[in-house]
Each structure stands twice: as structure tokens, then as C-alpha cells.
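Open the model in your viewer and keep the selection tool at hand.

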Amino acid sequence: MKLHEFRRAPNPRRVRVFLKEKGLEVPTEQVDLFKGEHKNPEYLKRNPSGLVPTLELDDGRYIAETVAICRYVEELHPNPPLLGSDAFDKANVEMWQRRAELELLMPIAHCFRHTAEGAKPLEPQQVKEWGELNRGRALSAMRRFDKELAGREFLAGPRFTIADITALCAIDFAKAARIVIPEDCVNLKRWHQAVSARASAAA
Ligand SMILES: N[C@@H](CCC(=O)N[C@@H](CS)C(=O)NCC(=O)O)C(=O)O
């Protein structure tokens, strides 16, 4: 297997952290988004959406979409379970993973793309107002997650899951959009400290 990815981007990091939690080493190939390498015809054959990450299988097939890649890895390497164990747990993990992606990572990504000078190669027609609106949404999501984490260790319950990986990668990437966890979000800060201390966070 080979992971086509870009070190500085949050979605590929979600896959790297997932693999590290599974104890797997997968070779990577860098696709430089700032040089537009993800729009090259050769890369588009692997992933017509022109996005990273893409996982290349040994038989020449490709899987794109972060969660699809993680699901494939989980099927082959079920332990530790990062997508849930029984029916309720799997649904609950999926629910929190989607919330982390849609309510946290997406607004952070929109804010970065539409406000950061460095994002112009990716978003030449930046709409600052849209970026700022999403800054507010990202901060609201952080406050909401802070409340949730008052009552449990991790986002989806007592165990670390893919939902924590998505939220960790989103919050770390938020610095590029000048968004940080608000000081009074003590539960989110405690959680962030704990998940950042895991060996996988270095991925
Ligand atoms: N839904 C996709 C999103 C992937 C994505 O947005 N990747 C970003 C990097 S984090 C990208 O390739 N951006 C390049 C672009 O938008 O041109 C997934 O979950 O993998």
C-alpha cells in the first residue's frame, strides 16, 4: 500500500494518525497542493476529485475519502477498534466523527481557505466574509464540544476513536486560520492535551 498525501494538510493527517494507532507503517508519497500536483492528470487518474489523501493498494486499485480509507484499514486490522465495536458503539462513533468533520473541520477549513494569505494558491477568489462567518462557526463548535467533554474522556465515550482523530487534526490545523481553543473551554483543553500526548499525534 502507499498513501498519496500532503504533510501539511489535515485530512491526510487523519489517516496517518489512524494508521499509527493501528501500529501500521505505510509508505507515503507527497502531493504538493501548493504546486497544484493534485490537479495533475496523473494524480486525477488516482482520485478524480483531485484531493488528498488517496490510498493506493498493492493490486493497483485506489481508495479516496479519509473515512473510506480508515474503514478499509479497520476491516483488515480490527484492533484496536477505532470505528466502534457493537451496533450502538459503531453508530455513536460515526455520529461524533461526522459532527467533528462537519461542525469543526469544515468551518476551520473554510476559514483558512478564505482568510489566510497562504491559502490563496488553493482559493484564489477568497471571500473574507465567508471565512469570518466560518471562524464563528468553528468557535461555536469548540464551545459545544467543550460542554460534551465535561461528562466523558473522549468524544464518543470512554475510548479513543476516529472522532477524536478528526477533532484533533481539525483543532491543530485551526492555528493556520488563527483559531485557538477559547481559554474557558477547560474540558476541550484537557481532552486536547490528552490526545496530543498520544504517540500517534506525532504522525
Ligand atoms: N472529503 C475528503 C476531503 C479531502 C480534502 O479536502 N483534502 C484537502 C486537503 S486537507 C485537499 O486535497 N485540498 C485540495 C484542494 O481543495 O484543492 C476526504 O475526507 O478525504
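Select L3 and T28: in this predicted model, T28 of β2 is the bridge partner of L3. Now widen the selection to the whole of both strands. β1 and β2 run parallel and are joined by three bridges.

Next, follow the chain from β1 to β2. Together with α1, these two strands form a β-α-β unit, and the unit is right-handed.

Go back to L3 and look towards β3. There L3 stands opposite L55. Select H4 as well; the residue opposite H4 in β3 is T54.

Show the whole sheet. In what order do its strands lie? The order is β2-β1-β3-β4, in an open sheet of four strands with mixed pairing. Colour β2 (28–30) and β4 (62–64), which stand at the edges. Each of these two has a single partner strand, so one side of each has no neighbour in the sheet. Turn the view to look along the sheet: from one strand to the next, the twist averages 20°.

Now colour by domain. The domain assignment gives domain 1 as 2–76 and domain 2 as 87–198. The C-alpha centres of the two domains lie 21 Å apart. Where domain 1 and domain 2 meet, nine residues of domain 1 are in contact with ten residues of domain 2. Which helices supply at least two residues each to the side of domain 1 that touches domain 2? They are α1 (10–21) and α3. α1 gives the largest share of that side, five residues. By residue type, the side of domain 1 that touches domain 2 has seven nonpolar residues, two charged and no polar ones.

The last stop is the ligand. Select A9, P10 and N11, then L33 and H38, then L51, V52 and P53, and finally E65, T66 and L122; these residues surround the ligand. How do the residues of this shell divide by type? Seven are nonpolar, three are polar and one is charged.

Note on methods:
Residues are numbered from 1 along each chain as its sequence is written. This is a predicted model: local features need pLDDT of at least 70, side-chain atom pairs count only at pLDDT 80 or more; totals for chains, interfaces and linings use all residues. A residue is near a molecule or strand if its C-beta atom, placed from the backbone, lies within 6 Å of it. Ala, Val, Leu, Ile, Met, Phe, Trp, Tyr, Cys and Pro count as nonpolar, Asp, Glu, Lys and Arg as charged, and the others, Gly among them, as polar. Two strands pair if DSSP finds at least two bridges between them. Axes are lines fitted to C-alpha atoms, for helices over the stretch in contact, and angles run from 0 to 180 degrees between N-to-C directions. Domain bounds come from an automatic or database domain assignment. Two residues are in contact if their C-beta atoms, placed from the backbone, lie within 7 Å. A crossover is right-handed if, with the strands pointing away from the viewer, the path from the first strand over the helix to the second runs clockwise.
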